[in-house]
Amino acid sequence: MLRNVLTCRVLGPTEVDAGARRVALGGPVPRRVITALIAAENRPMTEKALGDAIWGHDLPARATVSLQSHVSRLRTALGPFRDALERVDDGYRLRAATDATTFAAHVDRGRLLIAAHPYEAARAFTAALRLWRGTPYTDLPATASVAPARARLEELRTVAVEETLAARMALCDSSAAIPDLETSVRAQPLRPRRRELLALALYRTGRRVDALTTLSWAAELTPALQTLQSRILADDPALHGPRRG
């Protein structure tokens with residue numbers, strides 16, 4: 001745990017650590033305040049934008065006064081890190097490290113490594129998925145302006161799950177990956193990448209008919225699936241991938 005950094009976790013219920021100390025955030029409203037500021041990723045938020053994120057259409061009377069009171073209490077709770085929550089023009093900014101940023105960095109690193117270094121890629125994706133505790137920014141209402149950021153992180157998680165399986169296949173583990181691939185396809189049957197990986201794994205383990213069946217109704221979804229279907233029909237030897245040494 002970093003002892004000299006304000007660390008915020010929003011991949012699930014919001015948690016804030018001021019160095020080695022867990023910050024008591026209080027009730028739902030202060031949790032929404034801090035979560036909305038974390039979602040802004042070190043950028044200032046106006047009081048109006050904060051109010052919209054926290055209360056939506058149910059703004060209380062004297063919302064600005066209420067917001068200022070909650071910010072003051074949060075600054076007190078942050079102790080020696082109080083200056084990380086600062087007043088900026090007509091709003092506020094929180095300067096902190098977040099698990100969302102770390103998560104995205106791990107996924108980006110894994111995607112860069114997947115082709116040439118699948119083992120390191122798998123480690124990066126695994127590190128990313130270990131940070132995931134639930135719905136991102138779950139302390140904010142579903143109608144809040146954070147929805148695009150939440151959707152982006154959920155898509156990155158889906159990518160991390162898929163590419164972890166791709167890395168396992170690149171490490172000559174196609175047979176062992178099939179049960180997880182079948183589960184992932186059942187969970188999201190319209191995800192082309194999952195169907196592509198399952199068909200490839202089936203083909204590599206000698207199940208050519210099953211591979212073609214996997215693609216039979218979904219090949220029109222993307223050019224990649226159409227190409228894979230054609231290559232399986234042609235028994236392209238390049239599809240067999242790396243061999244165990």
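1. Let's start with helix 7 and helix 8, whose crossing is left-handed (the near helix is turned anticlockwise from the far one by less than a right angle; clockwise would be right-handed). Axes here are lines fitted to C-alpha atoms over the stretch in contact, with angles from 0 to 180 degrees between N-to-C directions. Helices themselves are DSSP runs (H or I, at least four residues), numbered from the N terminus.

2. A word on what you're looking at: this is a predicted model, where local features need pLDDT of at least 70 and side-chain atom pairs count only at pLDDT 80 or more, while totals for chains, interfaces and linings use all residues. Residues are numbered from 1 along each chain as its sequence is written, and side-chain values use heavy atoms, leaving out hydrogens and water.

3. Which residues of helix 7 and helix 8 meet? From helix 7 come S174, I178, L181, E182, S184, V185 and A187, and facing them in helix 8 are R194, R195, L197, L198, A201, L202 and R204; contact means heavy atoms within 4.5 Å. By class, that contact has 8 nonpolar, 2 polar and 4 charged residues (Ala, Val, Leu, Ile, Met, Phe, Trp, Tyr, Cys and Pro count as nonpolar, Asp, Glu, Lys and Arg as charged, and the others, Gly among them, as polar).

4. Now step back to helix 4 (residues 99-113) and helix 5 (residues 118-130), with axes that come within 8 Å and cross at roughly 160 degrees. That makes helix 4 roughly antiparallel to helix 5. Helix 4 contributes F103, H106, V107, R109, G110, R111 and L113 to the contact, and helix 5 contributes P118, E120, A121, A124, F125, A127, A128 and L129.

5. P118, A122, F125 and L129 of helix 5 meet several residues of helix 6, including A160, V161 and T164.

6. Helix 6 (residues 147-170) has 24 residues and reaches 34 Å from first C-alpha to last, close to the 34 Å expected at 1.5 Å a residue (1.5 Å times one less than the number of residues). Just after helix 6, C172 takes a positive phi of about 65 degrees.

7. Finally, R31 and D139 meet in a salt bridge at 3.1 Å, N to O (a side-chain nitrogen of Lys or Arg within 4 Å of a carboxyl oxygen of Asp or Glu). R31 lies in helix 1 and D139 in the loop between helix 5 and helix 6, so the pair ties together parts 108 residues apart in sequence.

Methods
Helix = DSSP H or I, 4+ residues; strand = E, 2+ residues; numbered from the N terminus. Parallel < 35°, antiparallel > 145°, perpendicular 65-115°, else oblique.
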